[in-house]
Amino acid sequence: MFNLDNLVLEYEKLEQELSNPEIFKDQKKVREVSSRKKQISEAVSLYKEYKIAQEALKEAVEILYNEKDEDMRELAKMQKDESEAQIADLEEKLKISLLPKDQDDDKNIMLEVRAGTGWEEAALFAWELAKAYLIYAQEQWFKTEITEQTLSETGWIKEIIIEVKWDWAYSKFKYESWVHRVQRIPETESKWRVHTSAITVAIMPEVDELDIEIKEEDLEVKACRASWAWGQHVNKTDSAIHMTHIPTWVSVFCQEWRSQHKNRERALQILRSKIYTMEEERQIKERWEQRLAQVWSWDRSEKIRTYNFPQDRVTDHRIWQNFSWIPLIMAWRMAPIIEALAIADEQMKLQQASKANV
């Protein structure tokens, strides 16, 4: 069914390129080659297993055809059944591994959670969802670091940016971008009325100067005193950085480090990610919405997910799938929702690939 010998040859060529010291004179080339090698490595590995299983099947069939000894024939039949099952499994895995991947799938990310409508209730839920993402990231063995946060008057989260590092971080979190709605009765509600609040989540792939160039003259940079919302100063110098990209008016505030220089570097990194994400969304918006319209009954201008606490139900509106036990979801069971979205995306791509091959 599969003939991926050219893909194996490409993988070997990429390995040879990376073993040549000359390539490291061009960091952009290094990253392009490394990224391509990483993208096809799974398919190459599966294809090698597939070819071994095919050889084992061929040998078993030959034994069954030529061998007279019953014991040998029985062993060959077992090998044939096992190889056929393995080949069928590998074919399905190969189909998925060969599906087109987002160019940012293997990148680290900046995860931004921002309170929207709903005042303090939105700020509270923003903090709860941010914690749920942190727990999920730790389950996936990702490294996390809170790089920026702004607190509300009562100490909840108005905005938080979390850096998530390790291979394929973007591929895990990319389905979380957009509006999340929560419906529940706030503790301060005396008449037990359900309130609706909303927060926004942005998943921004980490980029550097090789991905996007920001000119120094396009930046407005201000140094200020670093302090948290409750008034405690981190230090007594103007180490915090407020950076604005004038052409896009994208703004970043960073007070993570005591060093102004380090805060400036981090602010520039976050700024690049935000501008890169804006540009990517602008370029792919039409294609993305067209793709979703074919499979998912979802309007991207609306919320992607609703957390209904009174009914103990989380609904993802893109796949119209419900999940129960909200306290557990927020504590340590975010994975089933993210996995369901990844499976739905894979199925959609497989359907499109099948139609293209008809």
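Which residues does Leu129 touch, not counting residues up to four places away in sequence?

**Entry 1, the model.** I note that this is a predicted model, in which local features need pLDDT of at least 70, side-chain atom pairs count only at pLDDT 80 or more, and totals for chains, interfaces and linings use all residues. Residues are numbered from 1 along each chain as its sequence is written, and side-chain values use heavy atoms, with hydrogens and water left out.

I looked up its contacts (heavy atoms within 4.5 Å). Leu129 touches His180, Ile199, Val201, Tyr307, Met330 and Met334, leaving aside residues up to four places away in sequence.

I searched for nonpolar cores, that is, sets of buried Ala, Val, Leu, Ile, Met, Phe, Trp, Tyr and Cys residues joined through side-chain atoms within 4.5 Å. Buried means under 20% relative accessible area, with a 1.4 Å probe and protein chains only. The largest core has 41 residues, and Val113, Leu129 and Phe173 have the most contacts inside it. Among the elements that give two or more residues to this core are strand 1 (109–115), helix 4 (119–139) and helix 8 (335–357). Helices (H or I, at least four residues) and strands (E, at least two) are DSSP runs, numbered from the N terminus. Helix 4 gives the most to this core, with 10 residues. Apart from it I find another core, of 21 residues, including Tyr11, Leu18, Leu46 and Ile87.

Conventions: Buried means under 20% relative accessible area, exposed over 50%, partly exposed in between (1.4 Å probe, protein chains only).
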